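Open your viewer, load the model and keep the selection panel within reach. We will go from stop to stop together, and at each one you will hear what to select and what is there.

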Amino acid sequence: MQHVSPIREPLVTGGKTYHDITEDVCRQVEAKPNIRWAAALAVALVGLAIFIYSTYRTLWYGIGEWGLNKTVGWAWDITNFVWWVGIGHAGTLISAILLLFRQKWRTSINRAAEAMTIFAVICAAMFPVLHMGRPWLAYWVLPLPNTFGSLWVNFNSPLLWDVFAISTYFSVSLVFWYIGLIPDFATIRDRATGPIARRAYSFLSFGWTGSAKAWSRYETVSLILAGLATPLVLSVHTIVSMDFATSVIPGWHTTIFPPYFVAGAIFSGFAMVLTLMIITRKVFKLEDYITLEHVESMNKVIILTGSIVGVAYITEFFIAWYSGVEYEQYAFINRATGPYWWAYWAMMTCNVITPQLFWFRSIRRSLTATFIITIFVNIGMWFERFVIIVTSLHRDFLPSSWAMFSPTIIDIGIYVGTIGLFFTLFLLFAKFFPVINMAEVKAILKSSSEVKHHPHGTMHGTDKDSHTNTHP
Amino acid sequence: MTKKFVLGIYDDEDVLLQAIENVRAAGTNIYEVFSPYPIHGIDDVLGIKRSRLPIVAFFCGLFGTSFALWMQIWMLGFDWPMIIGGKPHIALPAFIPVTFELTVLCAAFGMVITFFIVTKLKPSFKVNVFDKRSTDDKFVMAIEVKEGVTDMPALNDLLRSNGAIEVNEKEVIK
């Protein structure tokens, strides 16, 4: 038995029973696709088509299709890569770190957030792979002896660390997500009426029966995976930040980068989770499971990480001045007042000022305000990466090599295209997979729903009403 | 060969936990309990031992650490030594990120694969579920019937008096 303080807000509202949870979550899996879903998928598929076309152009004609030049060798590609990886941090953070901290509100949002993580990492991976120019040789990043003899990859390079970090993060997140899905697939399997659905979900559920022994092992595996994923999620953006921090470019060569990038990643990830969940709960009528309490909890994480990011921006500026290094000082003055001033101030406004509105309880609990602010955060975090990458590069050490960057239509196409890819995957997930972890929500129902429970005696006989949780 | 089971169906976790204790106290052997979600405290009343999967994870992780260190030291230190950035051939601090990632990768996959094997989870089209409601909202206690040994009416009474809302029989082909 668990005890929950009576002053805590319920996490499941509407007096739901176990069966109601199954019904509410399975409804959209079992129903025929509705017109709004189909329309959304059509839009996403247009995005995906743009992605495929832009990728084809990039592969056929080479990365000269992009707006990169000799001075600005990294621009939208790496900006988008870091942006997507950052977004991909919330899911594992919610399911791993919040599990270790025993935050029960994670249970109704972890499934969709983890799915989002996996899809975001897929989108992120597209950029470094395409940037290779010859993606069919992508296996060269693996420590395999190459064609010219046993010359190995450079294990001192953060770019290689990235290969290991991102692929480990992707595969461990996928496994973590799938383990959580198995019992829910079993639920859908046992309800399925059509032969195709029954076979498909039977296959996906790995023959899960929900025996006590299996649940005991399941819980152990979840806990250990959470323990492993917690340092993993922190390591990924740390290593991404080292792609910059270990170089000697003014504006990049700073020790503040790992914690600053990790905070930014959580910040943008939570914003994206909120953006998606506010729509999902509305469309799938899941207001009783994803409540204002959930939204408020996530907004509190946003204000914390947003403030850390704000402090990091100011610290960077201070250290640039305090270091006494002319180039470092110029890099930062140039960020705020140079030709890319608009990007810098867009970043400052979106990331530092707007989240501060969440200090007001009424704004934290307003869905409209939250939705708008999370969009601002998503935009701001994209500009943060653009500012770090492009404005640090575009004025090289020699003024003769100064240059500006402007994206080509293909640059824009690939970026918009990955958004299409992301939403295609997310919409397919939302239709065919249970968007809420039914088993975990059922597990917290007794202690965290609105309904008051009387302590049970030992002998109940067959009087049904006395021991269901539906009746107050 | 077919096996016969008596299934006690419950619809509350606390009633179920108490019932398990009483049924076991009455000397009846419980074959398995099925539930739609993990129930805290069921391990103790059913006498399930703590899983040894964390130990598997530890040793797989240890393998990952050793393998990653050996790989990097051998490749860059012995097989083809190169000077990179004026650093020693075996630059241990630079080897830590890859070592960490491979530790996590091996620990996670080693444990999860072991979990699938010992729990006999694998993709298949046929699943034997005792009562389909056990993945929705019911808790099912399965007791194996031994022909000529099990006193069926007594077992029925025992389950019902401990809060079972239904008592069913089921034959399973093994």
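The tour begins with the ground rules, then visits chain A, and then chain B.

**Before you click**

This is a predicted model, in which local features need pLDDT of at least 70 and side-chain atom pairs count only at pLDDT 80 or more, while totals for chains, interfaces and linings use all residues. Residues are numbered from 1 along each chain as its sequence is written, and chains are lettered from A, with ligands numbered from 1, in the order in which they are written. The model scores ipTM 0.91 and pTM 0.89.

**Stop 1: all of chain A**

The average is 86, and 93% of the residues score at least 70. Now pick residues 452-472 of chain A: here the pLDDT is below 50, and beyond near neighbours in sequence the stretch has 31 contacts in the model. A contact means that the C-beta atoms of two residues, placed from the backbone, lie within 7 Å. Where pLDDT is low, the predicted coordinates should not be read in detail.

Switch to cartoon view. Chain A has 16 helices and zero strands; helices (H or I, at least four residues) and strands (E, at least two) are DSSP runs, numbered from the N terminus. Along the principal axes, the C-alpha atoms of chain A fill a box of roughly 90 × 50 × 45 Å.

**Stop 2**

Select residues 292-323 of chain A, which form helix α10. From first C-alpha to last, the 32 residues of this helix reach 46 Å, close to the 46 Å expected at 1.5 Å a residue; the expected span is 1.5 Å times one less than the number of residues. Step just past α10(A) to G324(A), which takes a positive phi of about 75°.

Then go to the loop between α9 (257-283) and α10 of chain A, where K285(A) sits. K285(A) is not a glycine, yet has a positive phi of about 55°. Is K285(A) buried or exposed? K285(A) is exposed, because 11 other C-beta atoms lie within 10 Å. The cut-offs are 20 or more other C-beta atoms within 10 Å for buried, 12 or fewer for exposed, and partly exposed in between, with C-beta atoms placed from the backbone.

**Stop 3: T370(A)**

Next, select T370(A), in helix α14 (residues 367-394) of chain A. T370(A) has 25 other C-beta atoms within 10 Å, so this residue is buried. Which residues is T370(A) in contact with, leaving aside its neighbours within four places in sequence? They are L274(A), I278(A), V295(A) and N299(A). Draw a distance from T370(A) to V295(A): 75 residues apart in sequence, the two are 8.2 Å apart C-alpha to C-alpha.

**Stop 4: chain B from end to end**

The C-alpha trace spans about 85 × 35 × 30 Å along its principal axes. Colour domain 1 (2-46 + 129-173) and domain 2 (53-118) of chain B separately; these bounds come from an automatic or database domain assignment. Over C-alpha atoms, the centres of the two domains of chain B are 46 Å apart.

Follow the cartoon along the sequence of chain B and you pass through β-α-β-α-α-α-β-α-β. Confidence in chain B is lowest in strand β4 (residues 166-173), at a mean of 78, and highest in α4(B), at 93.

**Stop 5: the strands and one loop of chain B**

Select strands β1 (residues 2-10) and β3 (residues 139-145) of chain B, which run antiparallel and are joined by seven bridges. Strands count as paired if DSSP finds at least two bridges between them. Y10(B) has F139(B) as its bridge partner in β3(B).

Finish at K120(B), in the loop between α4 (92-118) and β3 of chain B. K120(B) has a positive phi of about 55° although it is not a glycine, and counts as exposed because of its 11 C-beta neighbours inside 10 Å.

Key. pLDDT is the predictor's confidence in each residue, from 0 to 100.
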